[in-house]
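Please look over the chain below before reading on. The paragraphs that follow go through its helix packing, then a few single residues.

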Amino acid sequence: MVKKVKNRNMKHGRKGNPHKKNYKHSRKNSRYKEMSKAKEKQKLGENYKFVKKMKNIQRNTENEEILKKRQQIEARNRKRQEEFVNNVQESDEDSEEEDNFYDKVLSMMNVSSKVSKAIETSSEEEDESEVSEEEKDEEDTEAPGAPGPSKRPKIEESPKKPSLEEENIQEEVDHGDSESEDDEKNLCDPFLKHLVHDMSPELYEAAKNGDNCEQKICSWPSLGRLLVSIPRSSKKSEEGSSKKKLLLLEDEEKFAEEGKIPERISAKDTNLQDLHIKSQLQENAKNLCEKIHGERNFSNLQAEIFSILNNYQDLYMPRRTFENADEIRFSYCLHALNHALKSYTKISHHNTKIPKIPGKSSKPEEVQKKCQDQGLVRPKILIILPFKNSAYHVINTLIALLAPELSGKVMNHKRFVEEFTGNELEFPRMNPKPEDYEKIFAGNTDDNFRMGISVARKSLKLYAEFYSADFIIASPLGLRMIIGAAGDEKRDYDFLSSIEMLIIDQMDVILTQNWLHLLHIFDHLHLKLQTRKNTDFSRVRSWCLNGWSRFYRQTLLFSNHDLPEFVSLLSKHCSNYRGSVRVANPVAAGSVQQVALQVNQVFHRIEVKSLEVTHDTRFEYFTRTILPRLKVSFMAHCLIYIPNYFDFVRIRNYFKREFPNFVQVCEYTEDAKIARARDMFYHSGAHFMLYTERAHFYRRTRIRGIRHIVMYQPPSWPHFYPELLNLMQECYQNPRDGLEAHTSVTVLYTKYDSLQMAAILGTDRTSEMLKSSKLTHTIMKEK
């Protein structure tokens, strides 16, 4: 017989004794916890301590909120008990009268005493049920999972001082309550004036069509001549006007105010608190002003720029130079950071209000309307820059304004410094480049970058995900790589749907990269969402749901010089209902004054019917009128300067068919081929050289042996004109070519090139040439 082996755990079932400790299981749990901690440290790295602090802060704040709610509930219960005692004393006095009244009524109705007792008991049960329902409502308002007031554990107050983050969060709640309530009542803050209310139907039509606009010219000391354009509705509404709706309940709907002519802020009397700048930025802004120009107040230029920015109007400023670049950068960084912090405090303040909606005294619909404080997605500020070096300066300015002490307040700062510095160009010492070239290409010149930045009250997080970021700082190429094109499998542009502020700095440099990338970004702003994962529609503003986000976007454009591409960007793609301001100063003396060579400069005006026909008409005029004169032998060493790359390709193909004795240098030409083309051109091996503007911008090569220059179109950069003409001096010529007496300069232009011509010749002279009946004008430099 086979003996059955008894299992030790037979008595207690298959799973063993539940009261018996399983030491193996406890060891596994401890090892699992240690492994999970190690994995978290590896993922977070240097930020592990920071994340751990933030989690502890969140727990402490949750505990404080639970304690506050419990205290409120206890206070309510005490008040109700006192009121109940008072009511009982009053009811004892009136009970005799009520009993007599009930007896009389029952006697009249011939009701027995048993029925009267049943009525009395039923009334008492109804009162008790109402009290129990009120107690249940009070328990529901408590935090989920929190114990009741009777079973509340005692939490001892720690003698330690609260950390910086805890103070910031508590100050933010208290300070945000007072700020938001005052602002909602008075609406003095331009942030609230711009974003809180919807546009009226008349103002919407005016902003959409751009027909009914008030035009005004202002003159300020630093910015100069300003062209202000503000859309006006057909029926002018007063400030804070309200329109009555024809509904059952007579409500009053407030519409957004129309834009105003900006008022100039005096630099000496600037009070940052009166400008509605957040308190945590005021002292840092004064310190940064002192570093830039030696004073703690705004400079005249900063005060005038900020007076326009704080009015939430679009700005196009083509007077950016290397001298005032820091002041301009400070102005728009302060305005953008102030905007982000105000929206952050508004959202955090409403987050505390939303759990109070279920109470009987509150009105959920009104509270929900007040809590509509967001867009479809979180990113609200987009800054487009050409190089990593310029982005490095902008991010450092944001850090200096919000968290100048880096310790524990700026996440991923070390990674930022490693990626956005280095890879600098080495400039030659023997034949130095021009000064502007060395300043533009200083630092890291990588043009493919993007970064998201999230903002808290006194901290920044670099390299945040786009959908959890407030700022997006990127280059046109970096954004184009994410947006993609139609037909691509992986493309994303939902993060551009709720941009409230768009800043483009150094547009002149972006034009030399690829202007189509920037236009592609504008085409994908404020489109419908592809996915709705990151959207809380109960908090989205009503004008954002209506598809009016582009009318609430403030656009800031900064450039070195004025060009038609920039003006068209302002007129076609910027439709802010608050209006726009364009800096348009006349040019007294153009860059022609810097020409050191006495040579005849002939300007040919080409008559054009429309902008669409410009390229074809210019090409026909060049091939039929100008080029036959240049084929003569004494017109050798002729440089043809072509700003547009598409025109360059068209002329190159024509030369290959008709006149093959030429060399070409463009931005895509290799170094060895450039050296060979320069050598052939200098030693009379080639009659023509085709030269693009972008090649000159990125290389600044000194081409020797130039006797004749033909500019197919005026250069976009005004100082390129004297720079190329000065290469015709004798020190750059080949003494053996035998063409000392033959030099000429020819420029082709149309009426659409008036801005480039004004930068070269001056505004008054250009206007006279455009109005003249003559098509050809010759200018000679005076001795």
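Predicted model: local features only at pLDDT ≥ 70, side-chain atom pairs only at ≥ 80, totals over all residues.

**Helix packing and selected residues**

Helix α9 passes α11 in a right-handed crossing. The residues in contact are R329, F330, Y332, C333, L334, L337 and L341 on the α9 side, and H393, V394, T397, L398, L401 and L402 on the α11 side. Sorted by class, the contact of α9 with α11 consists of 10 nonpolar, two polar and one charged residues. In general, two packed helices are described by the angle between their axes and the distance between the axes. For α9 (residues 325-353) and α11 (residues 388-402), the angle is about 60° and the axes are 10 Å apart. Because of that angle, α9 is oblique to α11.

The chain has 783 residues, of which 44% count as buried. Its secondary structure comes to 25 helices and 20 strands. Among contacts in the chain with a separation of 6 or more, 77% join residues 24 or more positions apart. The chain exposes about 45,200 Å², and carbon and sulfur atoms supply 49% of that area.

Helix α9 also packs with α8 (residues 300-309), at an angle of about 35° and with the axes 9 Å apart. Here too the crossing is described by its hand: α8 passes α9 in a right-handed crossing. On α8 the contact is made by L301, Q302, I305, F306 and L309; on α9 it is made by E327, I328, F330, S331, Y332, L334 and H335. Divided by class, the residues of the contact of α8 with α9 are eight nonpolar, three polar and one charged.

What are the angle and the axis distance for α14 and α15? The angle is about 35°, and the axes are 9 Å apart. The crossing of α14 and α15 is left-handed. From α14, the residues P476, L477, L479, R480 and I483 take part in the contact. From α15, the residues are I510, Q513, L516, H517, L518, H520 and I521. By class, the contact of α14 with α15 has eight nonpolar, three polar and one charged residues.

Next come single residues. F471 belongs to strand β10 (residues 471-474). Is F471 buried or exposed? F471 counts as buried because its relative accessibility is 0%, and the cut-off for buried is under 20%. Neighbours within four places in sequence aside, F471 is in contact with A336, L337, A340, I381, I383, L398, M451, G452, I453 and V455. One of these, M451, is 20 residues from F471 along the chain, and the C-alpha atoms of the two are separated by 8.1 Å. Two others, L337 and L398, also belong to the contact between α9 and α11.

T623 lies in helix α19 (residues 614-630). Its relative accessible area is 15%, so T623 is buried. Apart from neighbours within four places in sequence, T623 is in contact with P628 and Y654.

In helix α24 (residues 754-761), six of the eight residues are buried, and the helix is mostly covered. The buried residues are Q756, M757, A758, A759, I760 and L761. They pack against several elements: α18 (564-573), β14 (600-605), α23 (720-725), β19 (744-749), α25 (763-771) and β20 (776-780). Just after α24 comes G762, with a positive phi of about 105°.

Positive phi values also occur at residues other than glycine. H526 has a phi near 60° and is not a glycine. The residue is found in the loop between α15 (507-523) and α16 (542-545). H526 has a relative accessible area of 18%, so this residue is buried. S684, likewise not a glycine, has a positive phi of about 65°. Where is S684 found? S684 is in the loop between α21 (671-682) and β17 (688-692). At 45% relative accessibility, S684 counts as partly exposed.

Note on methods: Residues numbered from 1 in each chain as written. Heavy atoms only, no water. Helix = DSSP H or I, 4+ residues; strand = E, 2+ residues; numbered from the N terminus. Buried < 20%, exposed > 50% of the residue type's maximum accessible area, 1.4 Å probe, protein only. Contact = heavy atoms within 4.5 Å. Areas by Shrake-Rupley, 256 points an atom, 1.4 Å probe, with all protein chains shown as cover. Axes fitted to C-alpha atoms, helices over the stretch in contact; angles between N-to-C directions. Parallel < 35°, antiparallel > 145°, perpendicular 65-115°, else oblique. Left-handed = near helix turned anticlockwise from the far one by under 90°. Nonpolar A, V, L, I, M, F, W, Y, C, P; charged D, E, K, R; others polar.
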